[in-house]
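Dear colleague,

I am handing over the structure we spoke about, and below it you will find my notes on what turned up when I went through it. Please read them alongside the coordinates.

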Amino acid sequence: MPVSRRGLLAGTAVAGAALAVPGTASAAVTTTALSDKIGPNDARYQDLVLRGQNRRFIGKPQYARVIRSTEDAVAAVQEAVRSGKRIAVRGGGHCFEDFVDSSDIEVLLDMSTYDEVTWDPQYKAFSIGAGAVLETVYKELFYGWGLTLPAGGCLSVGVGGHFSGGGYGPLSRKYGSVVDHLYGVEVVVVDARGRARSVVATRDNQYKDLWWAHTGGGGGNFGVVTRYLMRSAGASGRTPGESLPKAPAALRSTLLLYDWKTTTQAGFLRTVRNWFTFFEQHNTPDSPYATLYAPFILSHYSAEQYLLSTQIDAAAPNSEQLMNAFNAAMVEGVEQKPQVIDLGVGPFLHLSMQRSIEETATPNRGKYKAGYLKKGYSDEQILSLYRGLTDTTYKGPVSSMLLVPYGGKVNTVPSDSTASAQRDVMGKIVLTAAWDNATDDDMHLGWMRKVYGDIYRDTGGVPVPNATNAGSYINYPDVDLADPAYNKSGVPWHDLYYQGNYPRLQQIKSKWDPRNVFHHKLSIEPQ
């Protein structure tokens, strides 16, 4: 059955556009039929404002506009800039901080209806509207051409921010990051005179720097992305079927279900060490385990159980033996064994939908902290995590640490070839807390900050790049990293996210957004 977003990532774990001529920038179109201004007295306003999935933040913009084309976006941005109003853009609504729902946002541009997925013969690439969610993208690519992208497992996430931040997912160890398949991006930018215009930037045209900035630079920094052009690096685009990765025909899947009541400290330590060791040892793109995806959802003790979810391409040679060997490696040396549930083999898209993170109609409040790992935590770090997850003074049954396998094909790309600098890693961690009531904010935020700070105690409370850590992931933004009360390392937040690529991102920011129209609490600062 589908796993809810509350129950996994946040709880146990962004047609009709006229094509710009390549290499040119199109001026603002003033004759477009721009959508209505949707203000607080409009019946649509609350639905648009409440689309965000973190109820800690609810914006109150003066008005919203629904963007249906690139021309719409140009006209809406021009109008806002001319009147000096602060702009934010909403795709899928999954921003973890208040970058869209900040109290100072005056104009909300909603991209949700601009979601067409088509083959663009001009650019020999798939054109994906920035309002599309991953479910739409997966279905269109798979049903239409038998293709897929190594994007995320939460189907309602919008491509707008996911792609530009360096998205990843269950197939990334085999096919790399999403941005390794980004051929171009169409962006509405604002020049030094305050003129809005659309630009199509590709990996091989004169606007390559703007393309590069969207290969991991994060959303809300350079302009309004209206669509992405997807074609794998090295693909010619001769035909659609040769331009993106072929989807697996079927997946083999199991679940390992652990009982907190029978889990000892030693058993937890060995279990987590087994996971780290396995992915350290099987982290090459040619590994027979390249298609293995095994996120470990380490829920808080009050949830009573925690879960290891696995899937592998069923067509991989000896996939059943590979899966059995992996499960055996996970329980080696562990006295209390988990329950192993064999889900067998199922069709790729059908099983992907079943095992994905489903949207919830009742979003809760949340906080998220992340980190990249070059190798597994030390024993003391694992024990710090154990103490946090077994803290009986904290009641957080839908709070967790998520361990996610990464690397493989991702690590074959030089760190400066894209804005995504972390190209020498084996995994990611996501510490999450989720709750319903504002009165409980201090309890949950306090628990999160203590656990994360204890894990990274030796590096100032944050994952400072070193032999073990590789900083953090901008698509899991955490404003605490910019706060010296929580980041005591002396390493600035932008070096944690972008490492050596930050100066280049600053140069591109100064060139393409000289007025700093597009900014938020962790936005790239112009030079």
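Which residue in E17 is the bridge partner of Leu298? Before the answer, please keep in mind that this is a predicted model. The partner of Leu298 is Met401, and the two strands concerned, E12 (residues 296-299) and E17 (residues 400-405), pair in the antiparallel sense over four bridges.

That pairing belongs to an open sheet of seven strands, which follow one another in the order E14-E11-E13-E12-E17-E18-E16 with antiparallel pairing. Strands E14 (339-347) and E16 (365-373) stand at the edges, and because each has a single partner strand, one side of each is left without a neighbour in the sheet. On average, and with direction ignored, neighbouring strands of this sheet are turned by 15° against each other. Helix H11 (residues 441-455) lies across E16, E17 and strand E18 (427-435), and its direction makes an angle of about 160° with that of E18.

The loop between E12 and strand E13 (305-313) holds Glu304, which has a positive phi of about 80° although it is not a glycine; this residue is partly exposed, with a relative accessible area of 47%. A second residue of this kind is Lys124, where phi is near 55°, again a positive value in a residue other than glycine. Lys124 sits in the loop between strand E6 (117-120) and strand E7 (125-129), and it is partly exposed, with a relative accessible area of 42%.

Turning to the helices, H3 (residues 134-145) and H9 (residues 348-355) pack at an angle of about 170°, their axes being 11 Å apart, which means that H3 is roughly antiparallel to H9. On the H3 side the contact involves Glu135, Tyr138, Lys139, Phe142 and Tyr143, which meet Phe348, Leu349 and Met353 in H9. The residues of this contact divide into six nonpolar, no polar and two charged.

Finally, helix H13 (residues 502-512) has as its buried residues Tyr502, Leu505, Gln506, Ile508, Lys509 and Trp512. Seen down the axis of H13, these buried residues fall within an arc of 165°, so they line one face of the helix. The buried residues of H13 pack against strands E8 (182-190) and E9 (196-202) and against helices H6 (208-213) and H12 (493-498).

Conventions: Residues numbered from 1 in each chain as written. Predicted model: local features only at pLDDT ≥ 70, side-chain atom pairs only at ≥ 80, totals over all residues. Heavy atoms only, no water. Axes fitted to C-alpha atoms, helices over the stretch in contact; angles between N-to-C directions. Parallel < 35°, antiparallel > 145°, perpendicular 65-115°, else oblique. Contact = heavy atoms within 4.5 Å. Nonpolar A, V, L, I, M, F, W, Y, C, P; charged D, E, K, R; others polar. Pairing = 2+ DSSP bridges. Buried < 20%, exposed > 50% of the residue type's maximum accessible area, 1.4 Å probe, protein only. Arc of directions from axis to C-beta.
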